[in-house]
Amino acid sequence: MTTPFNELLASALAPITLISGVGLLMLSMSARYNHATTRIRLLMNERLDPKLSDDERADIDEEIDFIFHRAGLLRNGELCVVLSAVVSGLMVALCVLEESTGVHADFVNSMLLVAAVGLIVLSTVFLSLEIRLSLKAIKVVVSKLPPMDEAFDDAAAARAAQAVEARHQSHVLNEARHASDGKAPHEVRKVEEKR
């Protein structure tokens, strides 16, 4: 036989579980929102560079518009998630009130449950729209990249420049080491050859 407290705990457990699931969804949406706002700040700073051409500024403005729209969708989704958590909290309070007073409000409980789940579904719709828009933004950025052969040429040139710089630094270090020993590099080679 269950005690009244166990019955109360069992009836309140489902809304509490719903609140924890809503909290995880809120956490992921908040992280995405923070990333979007940080990216907008970085792009605004990049836009102030006087070396940029008008076309480059227009590209940055287009990316800022995409990210701003994404942030708006995430804000709406987070609002739905927060309201769902509030409704779930009201369900817990109503369950406790029902068990303590003996009055049953099944209709109100059902409506609160439908509202909580509906708000979660609405927030996931906003999240889906935001992800779709972020893919569009990535497509715009990728379309502005130089052709692959130019990119490979630039990468190869950068690697070659790094290799030349590394060889130069190695040569400078060898000369410095030999100078500290008091011998010229060719004298060291002659001594090694005699051995």
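Helices (H or I, at least four residues) and strands (E, at least two) are taken here as DSSP runs, numbered from the N terminus. On that basis the protein chain has five helices and zero strands, and its elements run α-α-α-α-α from the N terminus on. The model is a predicted one, in which local features need pLDDT of at least 70 and side-chain atom pairs count only at pLDDT 80 or more, while totals for chains, interfaces and linings use all residues. Residues are numbered from 1 along each chain as its sequence is written, and side-chain values use heavy atoms, with hydrogens and water left out.

We can start with the chain as a whole. Its accessible surface comes to about 13800 Å², of which 65% belongs to carbon and sulfur atoms; accessible areas come from the Shrake-Rupley method with a 1.4 Å probe, and for residues only the protein chains shown count as cover. Of the 195 residues in the protein chain, 24% are buried, where buried means under 20% relative accessible area, exposed over 50% and partly exposed in between (1.4 Å probe, protein chains only). Among contacts (heavy atoms within 4.5 Å) between residues at least 6 apart in sequence, 77% join residues at least 24 apart.

Two of the helices can be checked against their expected span, which is 1.5 Å times one less than the number of residues. The 48 residues of α2 should span 70 Å at 1.5 Å a residue, and the end C-alpha atoms of α2 are 70 Å apart, which agrees. For α3, with 38 residues, the reach from first C-alpha to last is 56 Å, close to the 56 Å expected. Buried residues of α3 include Leu112, Ala116, Leu119, Ser123 and Phe126. An α-helix has 3.6 residues a turn, so residues three or four places apart point the same way.

Helix α2 contains Val87, which counts as buried because its relative accessibility is 12%. Not counting residues up to four places away in sequence, Val87 touches Leu112, Ala115, Ala116 and Leu119. Val87 also lies 9.2 Å from Ile19, C-alpha to C-alpha, although 68 residues separate them in sequence. Glu98, likewise found in α2, is buried too, since its relative accessibility is 9%. Leaving aside neighbours within four places in sequence, Glu98 is in contact with Val103, His104, Ala105, Asp106 and Asn109. Just after α2, Gly102 takes a positive phi of about 85°.

Now to the pockets. On a 1 Å grid over the protein atoms alone, a pocket is an open set of points where a 1.4 Å probe fits, with protein on both sides within 12 Å along at least five of seven lines, and lining residues have an atom within 4 Å of a point. Grid points are joined across faces, edges and corners, and a volume is the space filled by probe spheres set on the points. The largest pocket has a volume of about 270 Å³, and its lining includes Arg39, Glu63 and Val141. Helices α1 (4-47), α2 (54-101) and α3 (106-143) each supply at least two residues of this lining, with the largest share, four residues, coming from α2. By class, the lining of the largest pocket has five nonpolar (Ala, Val, Leu, Ile, Met, Phe, Trp, Tyr, Cys and Pro), no polar and six charged residues, where Asp, Glu, Lys and Arg count as charged and the others, Gly among them, as polar.

The second largest pocket holds about 160 Å³ of space. Arg39, Glu63 and Val141 are among the residues that line the second largest pocket, and the largest share of that lining, four residues, comes from α3.
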